Amino acid sequence: MKGEHRELLVSIGMLKERLWLRDQRRATLAAIREKGVDFTGSAVLTDAVEEAYRADVKRATLLGALAILVIVLIHLRHPVRILLAFTPVVLGLLWTLGLMNLLDIRLNPLSATVFLLVTGIGIDNGIHLVARARQIGPDAAASELMRPMLLTSGTTIFSFGTLMFASNGMIRTMGHVLTIGVAASLVAALLVLPAILRMFHRPEKP
């Protein structure tokens, strides 16, 4: 009818533009809002979920780190041994952040939670190495635990690494971060921690 206008609802996807990146998504949505167009779609949903999720990530990360610290404290009961157990985790996370910067991998709330997984896996290797080194020495402990650590971390890398081939950008980034993080923690546990343990090891006198 003359003089009447039909309202148009536009659906915004996330495929052509890299809208899973927060800055580009925000810029695109702001530009559409300036046109006065009503719109919906996965980009709008992702933006709303990410904002709500971002506030929870910090709290979850802090609580998770505290829980891990308490468990390690109960098990090892010594400040030096606790610090040694965290060595693979700390080095793994630092190397991961460095590689992410080098490879231009952007951190998002979904991939940020991966750091909790990396911490949990990395601290396992650290605890086993530190505890076993007290019993049989660092060299024997590293030799004994090499295959189990390679097996457990390797299966995690290959299983979660499949996320790197996902079509969704956020999930793909999560796969990259998890793969790099677990691999970096494993390298630190296999190569760096045994060398540090040798420095602190005091052979028992017969």
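Visitor: Where is arginine 106 found?

Guide: Arginine 106 is found in the loop between α4 and α5, and α5 covers 109-112. A caution: this is a predicted model.

Visitor: How far apart are arginine 106 and methionine 174 in sequence and in space?

Guide: They are 68 residues apart in sequence. In space, C-alpha to C-alpha, the separation is 9.9 Å.

Visitor: Which elements does the chain have, and in what order do they run?

Guide: The chain has eight helices and two strands. From the N terminus on, the order is β-α-β-α-α-α-α-α-α-α.

Visitor: What part of the chain is buried?

Guide: Of the 206 residues in the chain, 37% are buried. The chain exposes about 12,900 Å², and carbon and sulfur atoms supply 65% of that area.

Visitor: Among contacts between residues at least 6 apart in sequence, how many join residues at least 24 apart?

Guide: The share is 73%.

Visitor: Why is threonine 96 called buried?

Guide: Threonine 96 sits in helix α4. Its relative accessibility is 1%. The cut-off for buried is under 20%. The value is below that cut-off, so threonine 96 counts as buried.

Visitor: What does threonine 96 touch, not counting residues up to four places away in sequence?

Guide: It touches Phe115, Val177, Ile180, Gly181 and Ala184. Phe115 is also among the buried residues of α6.

Visitor: Which residues in α6 are buried, and what follows α6?

Guide: The buried ones include Val114, Val118, Gly122, Ile123, Leu129 and Val130. Glycine 137 follows α6, and its phi is positive, near 95°.

Visitor: What makes up the largest nonpolar core?

Guide: It has 21 residues. Val72, Ala85, Phe86, Ile123, Leu129, Val130 and Leu197 have the most contacts inside it. The elements that give two or more residues are α2, α3, α6, α7 and α8. The largest share, five residues, comes from α6. A second, separate core has 11 residues, including Ile105, Val114, Val118 and Val177. In soluble globular proteins, nonpolar side chains tend to be buried together.

Visitor: What is phenylalanine 86 in contact with, leaving aside its neighbours within four places in sequence?

Guide: Its contacts are Ile68, Leu69, Val72 and Ile123. Val72 and Ile123 are on the list of core residues with the most contacts.

Visitor: Which residues form the nonpolar patch on the surface?

Guide: Val90, Leu94, Trp95, Val187 and Leu191 form the patch. Together they have about 470 Å² of accessible area. α4 gives the most, with three.

Visitor: Why is the pair of glutamate 144 and arginine 132 called a salt bridge?

Guide: The closest N and O atoms are 2.7 Å apart. The cut-off is within 4 Å, so the pair counts as a salt bridge. Glutamate 144 lies in α7 and arginine 132 in α6, so the bridge ties together parts 12 residues apart in sequence. Glutamate 144 is partly exposed at 39% relative accessibility, and arginine 132 is partly exposed at 25%.

Visitor: How many salt bridges does a search of the whole structure find?

Guide: It finds two. Arginine 198 and aspartate 139 also meet in a salt bridge, at 2.4 Å, N to O. This pair links distant parts of the chain, α8 and α7, 59 residues apart. Arginine 198 has 43% relative accessibility and counts as partly exposed. Aspartate 139, at 45%, counts as partly exposed too.

How values were computed
Residues are numbered from 1 along each chain as its sequence is written. This is a predicted model: local features need pLDDT of at least 70, side-chain atom pairs count only at pLDDT 80 or more; totals for chains, interfaces and linings use all residues. Side-chain values use heavy atoms; hydrogens and water are left out. Patches are made of residues with over 30% relative accessible area and no salt bridge: like charges are joined within 9 Å, nonpolar side chains (Val, Leu, Ile, Met, Phe, Trp, Tyr) within 5 Å. Accessible areas come from the Shrake-Rupley method with a 1.4 Å probe; for residues, only the protein chains shown count as cover. A salt bridge is a side-chain nitrogen of Lys or Arg within 4 Å of a carboxyl oxygen of Asp or Glu. Helices (H or I, at least four residues) and strands (E, at least two) are DSSP runs, numbered from the N terminus. A nonpolar core is a set of buried Ala, Val, Leu, Ile, Met, Phe, Trp, Tyr and Cys residues joined through side-chain atoms within 4.5 Å. Buried means under 20% relative accessible area, exposed over 50%, partly exposed in between (1.4 Å probe, protein chains only). Contact means heavy atoms within 4.5 Å.
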